[in-house]
Amino acid sequence: MAEGDTILRAARRLDAALTGQTLAVSVPNPRGRAAGVERLDGHRLERVSSHGKNLLLHCGDLVLHSHMGMNGSWHVYPRGARWRKPRRSAWAVLAGERQEAVQFGGPTLRVIPAARLARDPQLARLGPDVLAPELGPDELIRSLRTDPARTLGDALLDQTLVAGIGNIFKSEACFAAHLDPWRPIADLSDDDLRVILAAARSLMQEAVESGRHTYAVYRARRPCPYCGGWISARGQGDANRTTYWCPRCQG
Ligand SMILES: [Zn+2]
């Protein structure tokens with residue numbers, strides 16, 4: 001699953017390649033035609049933004065909303081270069097002067113009128129973006145506390161509480177903060193929540209800059225890097241997403 005760091009990187013890549021340019025749009029795959037992506041043809045890309053795991057391409061009166069889910073991706077190529085995936089599988093091809101952005105797969109690709117963006121139901125329900133530079137921790141803490149009975153690991157994944165954290169950074173941030181992912185939010189102090197959110201943000205920012213994920217506990221097949229004990233793994237929350245943690249260091 002692409003988490004907030006991957007989406008922010010994609011947003012920056014698309015921004016550098018295409019912002020300010022008039023888009024020539026083609027839609028090789030029927031899925032892109034169903035999404036109405038061709039309506040963007042001839043529009044100028046004004047900016048690219050991200051909110052959590054959602055990518056938004058602002059093109060005047062229209063906005064392209066993309067969520068990559070487990071298997072979606074955006075590629076950027078010089079125009080005319082060979083792609084790493086077959087042309088027919090592309091849902092959207094947005095060509096600028098020298099480069100083109102190509103979108104493949106994922107749960108969401110749709111065109112929204114810009115006028116409706118602020119009250120779009122899918123986007124309006126998102127919590128504050130953990131990677132938003134202007135956000136202080138208090139707003140994120142307040143949002144997490146709206147569901148005090150939820151366990152920490154489960155709450156961190158809920159995009160309506162905090163947007164951008166996925167299964168990797170859920171486990172990694174709890175480990176870095178030395179907090180037990182199974183404790184309910186109500187049990188944690190504001191300082192605890194400040195530490196966990198700062199850990200998530202700094203680990204994700206590192207990944208934005210490096211483009212790499214390095215894991216301390218996620219999918220661990222080795223002992224805890226601090227204490228040498230066993231890393232535990234168990235499904236958590238309604239979606240039963242696996243959480244990895246060190247019971248000794250995070251007990
Ligand atoms: Zn440990």
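Donors are the N, O and S atoms within 2.8 Å of the metal. The model shown in these views is predicted.

View 1. Along the chain, the donors of the zinc ion are spaced as C-x2-C-x18-C-x2-C. Cys227 lies in the loop between helix 7 (190–210) and strand 9 (232–236), and Cys246 is in the segment after strand 10 (241–245), so this pair ties together parts that are 19 residues apart in sequence. The SG atoms of Cys224, Cys227, Cys246 and Cys249 coordinate the zinc ion at 2.2 to 2.4 Å. The angles among the four donor atoms run from 100 to 115°, and the site is tetrahedral. For four tetrahedral donors the ideal angle at a metal is 109.5 degrees.

**View 2. Cys227 and Cys246, two donors of the zinc ion.** Cys227 has a relative accessible area of 27% and is partly exposed. Cys246 has a relative accessible area of 1% and is buried, because buried means under 20% relative accessible area. Ser49 is 178 residues from Cys227 in sequence, and the C-alpha atoms of Cys227 and Ser49 are 40 Å apart in space.

**View 3. The largest pocket and its lining.** The volume of the largest pocket is about 340 Å³. Its lining has 15 residues, and those closest to the centre of the pocket are Arg150, Leu157, Asp158, Gln159 and Ala239. By residue class, the lining of the largest pocket comprises seven charged, five polar and three nonpolar residues.

**View 4. The aromatic pair of Tyr215 and Tyr218.** The structure contains six aromatic pairs. In the pair formed by Tyr215 and Tyr218, the ring centres are 5.0 Å apart and the planes are at 65° to each other, an edge-to-face arrangement. The pair counts as edge-to-face because its planes are over 60 degrees apart. Tyr215 is partly exposed, at 32% relative accessibility, whereas Tyr218 is buried, with a relative accessible area of 9%.

**View 5. The aromatic cluster of Tyr77, Trp83 and Phe104.** These three residues, Tyr77, Trp83 and Phe104, belong to one aromatic cluster. A pair of aromatic rings is described by the distance of the centres and the angle of the planes.

**View 6. Arg219 and Asn240, two residues with positive phi.** Most residues other than glycine have a negative phi. Arg219, which is not a glycine, has a positive phi of about 50°. Arg219 is found in the loop between helix 7 and strand 9. Asn240, also a residue other than glycine, has a positive phi near 55°. The loop that holds Asn240 runs between strand 9 and strand 10. Asn240 counts as exposed, at 51% relative accessibility, because the class begins over 50%.

**View 7. Ala200 in helix 7.** Ala200 is buried, with a relative accessible area of 1%. Ala173 and Ala200 are 27 residues apart along the chain, and a distance of 4.8 Å separates their C-alpha atoms.

Notes:
Residues numbered from 1 in each chain as written. Predicted model: local features only at pLDDT ≥ 70, side-chain atom pairs only at ≥ 80, totals over all residues. Heavy atoms only, no water. Donors = N, O, S within 2.8 Å, 3.2 Å for Na, K, Ca; no water. Tetrahedral: all angles 85-135°; square planar, octahedral: opposite > 155°, others 65-115°. Helix = DSSP H or I, 4+ residues; strand = E, 2+ residues; numbered from the N terminus. Buried < 20%, exposed > 50% of the residue type's maximum accessible area, 1.4 Å probe, protein only. 1 Å grid on protein atoms, 1.4 Å probe; cavity = no way out; pocket = protein on both sides within 12 Å on 5 of 7 lines; lining within 4 Å. Points joined across faces, edges and corners; volume = space filled by probe spheres on them. Nonpolar A, V, L, I, M, F, W, Y, C, P; charged D, E, K, R; others polar. Phe/Tyr/Trp six-rings, centres within 6.5 Å; stacked < 30°, edge-to-face > 60°.
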